[in-house]
Amino acid sequence: MTVKDLQPQLVFSIFDEITKVPRPSKKEGKIRQYLLDFAAKHGIDVKTDEIGNVVMSRPATPGHEQAPTVILQAHMDMVCESNDKSFDFENNPITTIVDGDWLRADGTTLGADNGIGMAAALAALVDKDLVHGPLEALFTVDEETGLTGANNLGDGMITGTILLNLDSEDDAEIFVGCAGGVDTTCVFNYHRSYAPKDFLYFKVNIEKGQGGHSGGDIHLGRANANKLLARYLYGLTLEHEISVADIDGGNLRNAIPRAAYCVFGIHTDHKEKVITALNNFIADVQNEYRDIEPTLEISIESVDTPDFTIDAVTSLNLIRALYSAPHGVISMSRDLEGLVETSTNLASVKMLENNQILVTTSQRSSVESRKWDIARQVEALFELAGAKVTHGDGYPGWAPNLKSPIMEIARDAYKELYDVTPAIKAIHAGLECGLFLEKYPGLDMVSFGPTLRNVHSPSEMMYIPAVERFWQQLRLTLTKVADLKK
């Protein structure tokens, strides 16, 4: 069975087309052209703004012209993670696999985040049997790496008063709030030193972790490869002098790092101690994460002497900072049971060409003051270690409105269809809704979607039966709004 054969066929046939279009963050040109071609093919009004967002419009079903205009919103870009480092996300399509009741990709992220939201919005625009009021479909750019599209939405692009964000990941749940976030970057400047000749050099690899979304999965306690790497290296520094030549870990600010490595040297007299320490470390990690990280691998190999290493002071400061940097859940909400309030993700470590090392972290909180509190704790730590620290502009949270009319309509639609009252929740992940609310304070918003698992990782998958429920909930919600008056 192929994706196009799945039900609802209209939604899955469009999703199948989307998976064939490359769409990395900040490189949405091909998917934007797909949207423009889709609009032209179906005679749909379309416009774009300067940043690259796309809005399509469909007039109301006859007799429902006085209903409020509903905005269907999804983002164009996808997180690009692969088990094969040579996979070219800028040119290659995603290969999809129907695996029982689940849809996944072949060793890469699936892109259901947020390709399925795009597909549902486009399906609503062309569904001839759907009864609806005026519709607008807003497709934003660069949600995953900076919320750039939502942050720079052009004036007059949308006119609706109700917004359905189609970027949630749990069936039978409706989200009415989300965390705000801010990225913190820390830059170490180092001097090159000649690699000591009486040292032996090794490459320690940590790979095949579960990873996942740094908001939605942060409470699961999965391993952070950067933290594990720093833990092993710090343990060595307690007894030995080591010389770091290369270090790399993680990729995206909003993904829990699945892999990291370090090339380092140690005096020839201590070769056996390196291996012994690693074996002990592996045993500890396997015990700690035995039910959480079934595929995690840690290994070490001998390598040639590098041309240079990082100067000793910076090397030690970097290791200490990475080891002591906070990661994971900082606090839980006192207002909504089970909701993470504040967290931080030690996202990536990258060596740059100009003798610099860039450490990227991402902080989230549903409480603005707590968001900045944890960001400044990260700042203080890395400044003590000698790094230059800067914060991004960040994005606001979306405060829950438990009296939202559209929340009640979407909830009632699901209950009417499936005799289940969906849970009303807030999400620790960041959604674009907070930014839309800043620009359009009168918007009434909710977010819902089908069940996705392991997003932002090559293990991403989508529960096929939930897509049918998501689609029917969306259709009935739009039909109920069509019976309202502005």
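I'll start with His456, which sits in the loop between strand S22 (452-453) and S23. This is a predicted model, and everything I mention is computed from it. His456 has a phi near 70°, a positive value in a residue other than glycine. Is His456 buried or exposed? Its relative accessible area is 2%, so His456 is buried.

Leu147 is another case. Its phi is near 55°, again positive and again not in a glycine. Leu147 is in the loop between helix H4 (143-146) and helix H5 (148-151), and with a relative accessible area of 2% it is buried. As background, most residues other than glycine have a negative phi, and most peptide bonds are trans.

One joins Gln7 and Pro8, with omega about 0°; Pro8 is in the segment before H1. Another runs from Asp113 to Asn114, with omega near 10°, and Asn114 is in helix H3.

Next, helix H1, residues 9-19. Its buried residues are Val11, Phe12, Ile14, Phe15, Asp16, Ile18 and Thr19. What covers the buried residues of H1? The cover includes helix H2 (29-42), strands S4 (96-99) and S5 (102-105), helix H3 (112-126), strand S23 (461-463) and H12.

H12 also packs on H10. Helix H10 covers residues 405-418 and helix H12 residues 464-482; the angle is about 125° and the axes are 9 Å apart. An angle from 65 to 115 degrees would count as roughly perpendicular and one over 145 as roughly antiparallel, and H10 and H12 are therefore oblique to each other. Their crossing is right-handed. On the H10 side the contact is made by Ile406, Ile409, Ala410, Asp412, Ala413, Tyr414, Glu416, Leu417 and Tyr418. On the H12 side, the residues are Glu468, Arg469, Gln472, Gln473, Leu476, Thr477, Lys480 and Val481. By type, the contact of H10 with H12 has nine nonpolar residues, three polar and five charged.

In the segment after H12 there is Asp483, which counts as exposed at 55% relative accessibility. Asp483 and Leu452 are 31 residues apart in sequence, and their C-alpha atoms are 31 Å apart in space.

Now the aromatics. Across the whole structure, the search finds 11 aromatic pairs. One of them is Tyr232 with Phe264, edge-to-face, at 6.4 Å centre to centre and 70° between the planes. Tyr232 is in helix H6 (residues 225-237) and Phe264 in strand S13 (residues 260-267), so this pair ties together parts 32 residues apart in sequence.

Tyr234 and Tyr323 make a stacked pair, 4.6 Å centre to centre with 15° between the planes. Why does this pair tie together parts that are 89 residues apart in sequence? Because Tyr234 lies in helix H6 and Tyr323 in helix H8 (residues 312-324). Tyr234 is partly exposed at 24% relative accessibility, and Tyr323 is partly exposed at 37%.

Last, Thr344, in strand S17 (residues 340-352). Thr344 is buried, with a relative accessible area of 1%. Leaving aside residues up to four places away in sequence, Thr344 touches Ile218, Pro326, His327, Gly328, Ile330, Ser362, Gln363, Ile374 and Val378.

Notes
Residues numbered from 1 in each chain as written. Predicted model: local features only at pLDDT ≥ 70, side-chain atom pairs only at ≥ 80, totals over all residues. Heavy atoms only, no water. Axes fitted to C-alpha atoms, helices over the stretch in contact; angles between N-to-C directions. Helix = DSSP H or I, 4+ residues; strand = E, 2+ residues; numbered from the N terminus. Parallel < 35°, antiparallel > 145°, perpendicular 65-115°, else oblique. Left-handed = near helix turned anticlockwise from the far one by under 90°. Contact = heavy atoms within 4.5 Å. Nonpolar A, V, L, I, M, F, W, Y, C, P; charged D, E, K, R; others polar. Phe/Tyr/Trp six-rings, centres within 6.5 Å; stacked < 30°, edge-to-face > 60°. Buried < 20%, exposed > 50% of the residue type's maximum accessible area, 1.4 Å probe, protein only.
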